[in-house]
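I opened my notebook to look up a few things in this structure. Come along and check each entry against the picture.

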Amino acid sequence: MKAVVIEAPHQLAVRDVPDPQAAPDEVVVAVAAVGLCGTDLHIYAGEYDGDYPIVPGHEVVGTIVDLGKDVRGLSAGMRVTFDPNVACGQCHFCRRLRFNHCLNWQGIGVTRNGGLAERVAVPAKAIYAIDDLPFDVAVFTEPLSCVVWGLQRATPALAERVLIFGAGPIGLLMMQAVRCAGAGQVVVTDLQPDRLELATALGADAVVAASGPVAASLMRWAPYGYDMVIDATGVPEVVAGCFEYVTRGGQVLLFGVCPEDATIQFSPFDLFRRDISVYGSFAVNVTFGPALELLRSGAVQVEPLISHRFCLEEFPEALEMALARSEPLMKVLIEP
Ligand SMILES: [Zn+2]
Ligand SMILES: [Zn+2]
């Protein structure tokens with residue numbers, strides 16, 4: 001079958017590889033669509049610990065075409081997605097329900113071959129049926145389940161005011177999910193006007209262009225600060241600014257992924273004096289179920305977030321475009 005193979009850092013091929021075989025507790029999924037995400041770019045750039053060569057792709061939807069002999073409750077023809085984070089269930093952290101910190105963690109499309117291929121083998125326990133949910137919708141389950149985990153870490157109380165930095169795919173998923181979680185007014189800020197337009201269309205109460213001095217316009221919507229401030233940019237300067245906008249007793253959720261070596265300055269006295277809580281949020285933790293519910297109910301709209309589609313052979317162009325950020329980019333789908 002055809003697959004995207006990252007042979008080594010900065011070395012990419014779309015080539016034939018052996019068909020994946022289902023181990024006794026695995027299924028083989030014929031891939032319909034894969035969402036491209038920052039993690040894939042990091043693997044390409046060599047910024048991760050796994051081994052090469054690797055077939056990337058961890059935001060995957062498709063149809064079961066083969067089953068290992070021990071698999072129960074699944075069948076060929078089922079339309080599915082899967083949680084790419086495979087935890088051991090037995091280590092120190094798994095036994096404390098912190099599966100996203102499993103000491104023996106395996107990532108499909110990260111440490112073992114993923115979905116940027118015609119087919120992918122997946123442990124049956126990772127599979128979630130999507131029933132008749134369109135593939136274009138279900139392909140957002142993984143990023144949305146990261147958002148759900150973030151909001152399980154830190155949740156706005158009913159009718160609280162929320163400020164979100166960043167209106168990319170994640171920021172706009174977050175914006176819709178905080179509304180479901182009970183937020184009142186939700187304000188979104190970003191550099192790109194087209195993203196802000198989309199934010200408005202998807203239900204932002206106010207949007208603020210992040211060019212020039214923004215503090216005054218942001219504070220217009222919350223004169224005493226926001227109950228919750230969420231960074232969905234991963235830009236250290238933006239993260240450092242979050243503390244300025246949070247109200248006394250408020251929460252800051254650091255959701256965007258900053259560069260590994262980035263540092264910021266903050267005042268511990270300020271956090272003390274104003275009762276500020278700061279949260280990190282890593283990957284997903286058994287949050288595929290709630291993410292699928294949000295997609296099924298239509299509470300979170302995802303199709304407007306898709307900006308580009310490529311086939312498998314065009315993956316090098318898709319990657320180049322994503323790395324160069326040469327045009328306005330939202331969610332990029334690869335359809336094998
Ligand atoms: Zn991802
Ligand atoms: Zn574990």
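Entry 1: Does Ala159 count as buried or exposed? I looked it up in this model, which is predicted. Ala159 counts as exposed, because its relative accessibility is 53% and exposed means over 50%. I found Ala159 in the loop between α3 and β10 (162–165). Its phi is positive, about 70 degrees, although Ala159 is not a glycine.

I then turned to His10, in the loop between β1 (2–8) and β2 (11–16). His10 is not a glycine, and yet its phi is positive at about 65 degrees. I noted His10 as exposed, because its relative accessibility is 53%.

**Entry 2: a cis peptide bond.** Which two residues does a cis peptide bond join? I found Tyr52 and Pro53, with omega at about -5 degrees. Pro53 belongs to the loop between α1 (38–45) and β4 (59–67).

**Entry 3: the zinc ion (ligand 2).** Which residues are the protein donors here? I wrote down Cys88, Cys91, Cys94 and Cys102, each through its SG atom, at 2.3 to 2.4 Å from the zinc ion (ligand 2). Along the sequence, I read the spacing of these donor residues as C-x2-C-x2-C-x7-C.

Next I asked why the arrangement is tetrahedral. For reference, I jotted down that the ideal angle for four tetrahedral donors is 109.5 degrees.

I also checked two of these cysteines for accessibility. Cys94 counts as buried, because its relative accessibility is 3% and buried means under 20%. Cys88 is partly exposed, with a relative accessible area of 26%.

**Entry 4: the zinc ion (ligand 1).** Which atoms are the protein donors of this ion? I listed Cys37 (SG), His58 (NE2) and Glu59 (OE), which lie 2.2 to 2.3 Å from the zinc ion (ligand 1). In sequence, the spacing of these donor residues reads C-x20-H-E. I also noted that His58 and Glu59 are buried.

**Entry 5: a pocket.** How much space lies in the second largest pocket? I noted about 240 Å³. I found 14 residues lining the second largest pocket, and Asp83, Asn85, Ala87, Phe99 and Val286 are the ones that lie nearest its centre. Sorted by class, the lining of this pocket has 8 nonpolar, 4 polar and 2 charged residues.

**Entry 6: a buried threonine.** I picked Thr141, which lies in helix α3 (residues 141–153). Thr141 counts as buried, because its relative accessibility is 0%. What is Thr141 in contact with, leaving aside its neighbours within four places in sequence? I listed Thr81, Phe288, Ala291, Leu292 and Leu295.

**Entry 7: an exposed glutamate.** I ended with Glu320, in helix α10 (residues 315–324). Glu320 is exposed, with a relative accessible area of 59%. How far apart in space are Glu320 and Glu160? From C-alpha to C-alpha I wrote down 40 Å, for two residues that are 160 residues apart in sequence.

Conventions. Residues are numbered from 1 along each chain as its sequence is written. Chains are lettered from A and ligands numbered from 1 in the order in which they are written. This is a predicted model: local features need pLDDT of at least 70, side-chain atom pairs count only at pLDDT 80 or more; totals for chains, interfaces and linings use all residues. Side-chain values use heavy atoms; hydrogens and water are left out. Donors are N, O and S atoms within 2.8 Å of the metal (3.2 Å for Na, K and Ca); water is not among the atoms, so sites may look incomplete. Four donors count as tetrahedral if all angles lie between 85 and 135 degrees; four count as square planar and six as octahedral if opposite donors are over 155 degrees apart and all others between 65 and 115; anything else is irregular. Buried means under 20% relative accessible area, exposed over 50%, partly exposed in between (1.4 Å probe, protein chains only). On a 1 Å grid over the protein atoms alone, a cavity is a set of points where a 1.4 Å probe fits but cannot get out, and a pocket is an open set with protein on both sides within 12 Å along at least five of seven lines; lining residues have an atom within 4 Å of a point. Grid points are joined across faces, edges and corners, and a volume is the space filled by probe spheres set on the points. Ala, Val, Leu, Ile, Met, Phe, Trp, Tyr, Cys and Pro count as nonpolar, Asp, Glu, Lys and Arg as charged, and the others, Gly among them, as polar. Helices (H or I, at least four residues) and strands (E, at least two) are DSSP runs, numbered from the N terminus. Contact means heavy atoms within 4.5 Å.
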